[in-house]
Amino acid sequence: MAELADKGIFERRESAVRSYCRNLDAVLATGRGTVVWDVEGNEYLDFLAGAGALNYGHNDPDMQRSLIDYISGNGIAHGLDLHTDAKRAFLERFEEIVLAPRGMDYRVQFSGPTGANAMEAALKLARKATGRSNIVAFTRAFHGLSAGALALTGNSQLRGGPVNGLGNVSRLPYDGYLGGVVDSAELLAKMLADPSSGLDAPAAIVLETVQGEGGLNTASPRFLRRVAELAADHGALLIVDDIQAGCGRTGSFFSFEPAGIAPDIVALSKSLSGYGLPMSVLLIRPELDVWEPGEHTGTFRGNAHAFVTATATLEKFWTSDALMNDVARRSGLLTDRLTEIARRIPGAVLKGRGMMLGLETQPALAARIVQECIRGNLIIERAGPRDEVVKLLAPLTTLDEQLERGMEILSNSVDRALTSPFPISA
Ligand code: PLP
């Protein structure tokens, strides 16, 4: 029998591709809200939160209860795309709580369970609906790692290796990529309008409103509105990938709400089930739902357990403004503390929006800060093209005192990282 904290089996049997576990040298066992415990009983604050899949923390008691009740009542666990009671409840509540109050009319496509599955479906549908093949994606975008989604993703380490078929994508600069010198939306406008620009008429323009993995770059409402207008003018669909920035992370259910745009297709995943269970959907403007029955299938499109917790999530958190008011306050608290911490790091920049925030610094320093945080039992990660952004994705439900404690650990970690005499490994 292995020792509780023995990690031998992971090193012996798990593929070298594993990544997050290389930073946190612990075997996790339990979690509640923002706190997780390892097998030896050590307690950690989890500001990684499943890379955005745990916006409501670990094991929310109401979601847990609804899932236990469903399972003990022999509720269907797997249903392909057959009608199930659990799917009906989810669709009804999604229509009533999310779509109707926002005046939105979207069809819901259940894609395979991951974000990348949703993006693959979005690309295929956009190409089918428009009869075009080219897609516009932006610098530092991250849309997943299956072939189509990877073609949209900017990161060269992820794109590298003997991968086939990353074509049919035109890359343009995201908002702010060229500093204040070039207006990225106007560059796109010029290239779309110029028959000799070399930009093939796109089936879709795909973007994140806040680039999570790309380093917490934010698009301004003006940029988003201009891109939406350009897509409409040029017969391209606007696809918003709200897989990480959606489900309340930036302060509203959909991250694009403050910009007042109406995307043709929206991808949601990560925190949609509320409980960390795999679930992805596409929201499709009804006229664009041109699929033939069974044209895009998949075995795991009916994760009924995820439907159950997603329904519980909507009922608990999205029938009042309470959570979004908390997120606004908590975002303010984090922003104040991060601004103060950033002042102590030469050249550091505060990035992001809502509760999707980070500090950009030197890659090696960011690595050291994260190592120190983890030593202080605060789980966080890095993002950006060189992993130079210390990224905070605390659950939206994190208590104020837990946020304060996390910021205290971060602050001390920054001091230690800045004064460390040891060489830093990035
Ligand atoms: N799109 C965005 C914006 C993401 O952040 C991610 C994952 O981090 C994905 C797509 C891919 O999701 P998945 O890892 O579930 O395939």
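R32 stands opposite V35 in β2. Strand β1 is joined to β2 (residues 35-38) by four bridges, and the two strands run antiparallel. This is a predicted model, in which local features need pLDDT of at least 70 and side-chain atom pairs count only at pLDDT 80 or more, while totals for chains, interfaces and linings use all residues. Residues are numbered from 1 along each chain as its sequence is written, and side-chain values use heavy atoms, with hydrogens and water left out.

Strands β1 and β2 belong to an open sheet of four strands in the order β1-β2-β3-β15, with mixed pairing. Strands (E, at least two residues) and helices (H or I, at least four) are DSSP runs numbered from the N terminus, and two strands pair if DSSP finds at least two bridges between them. The edge strands are β1 (28-32) and β15 (378-379), each of which pairs on one side only. Helix α13 (residues 400-419) packs on this sheet and touches β2, β3 (43-46) and β15; its direction makes about 100 degrees with that of β3. Contact here means heavy atoms within 4.5 Å. Axes are lines fitted to C-alpha atoms, for helices over the stretch in contact, and angles run from 0 to 180 degrees between N-to-C directions.

Another open sheet of four strands has the order β13-β14-β17-β16 and antiparallel pairing. Its edges are β13 (349-353) and β16 (381-383); each has a single partner strand, so one side of each is left without a neighbour in the sheet. From one strand to the next, the twist averages 35 degrees. Four bridges join β14 (residues 356-360) to β17 (residues 389-392), and the bridge partner of L357 in β17 is L392.

| Helix | Strands touched | Direction |
|---|---|---|
| α11 (residues 322-343) | β13, β14 and β17 | about 0 degrees with β14 |
| α12 (residues 363-375) | β16 and β17 | about 160 degrees with β16 |

The ligand is surrounded by T114, G115, A116, F142, H143, G144, E208, D241, I243, Q244 and K270, each with a heavy atom within 4 Å of the ligand. By class, this shell has three nonpolar, five polar and three charged residues. A backbone N or O atom of A116 lies 2.9 Å from an oxygen atom of the ligand. In the side chain of D241, an N or O atom is 2.6 Å from a ligand nitrogen atom. An N or O atom in the K270 side chain is 2.9 Å from an oxygen atom of the ligand. Of the 390 Å² of accessible area that the ligand has on its own, the protein covers 82% (Shrake-Rupley method, 1.4 Å probe).

Methods. A polar contact is a pair of N or O atoms within 3.5 Å; within protein, one must be able to donate a hydrogen and the other to accept it, and residues adjacent in sequence count only if both atoms are side-chain atoms. Ala, Val, Leu, Ile, Met, Phe, Trp, Tyr, Cys and Pro count as nonpolar, Asp, Glu, Lys and Arg as charged, and the others, Gly among them, as polar.
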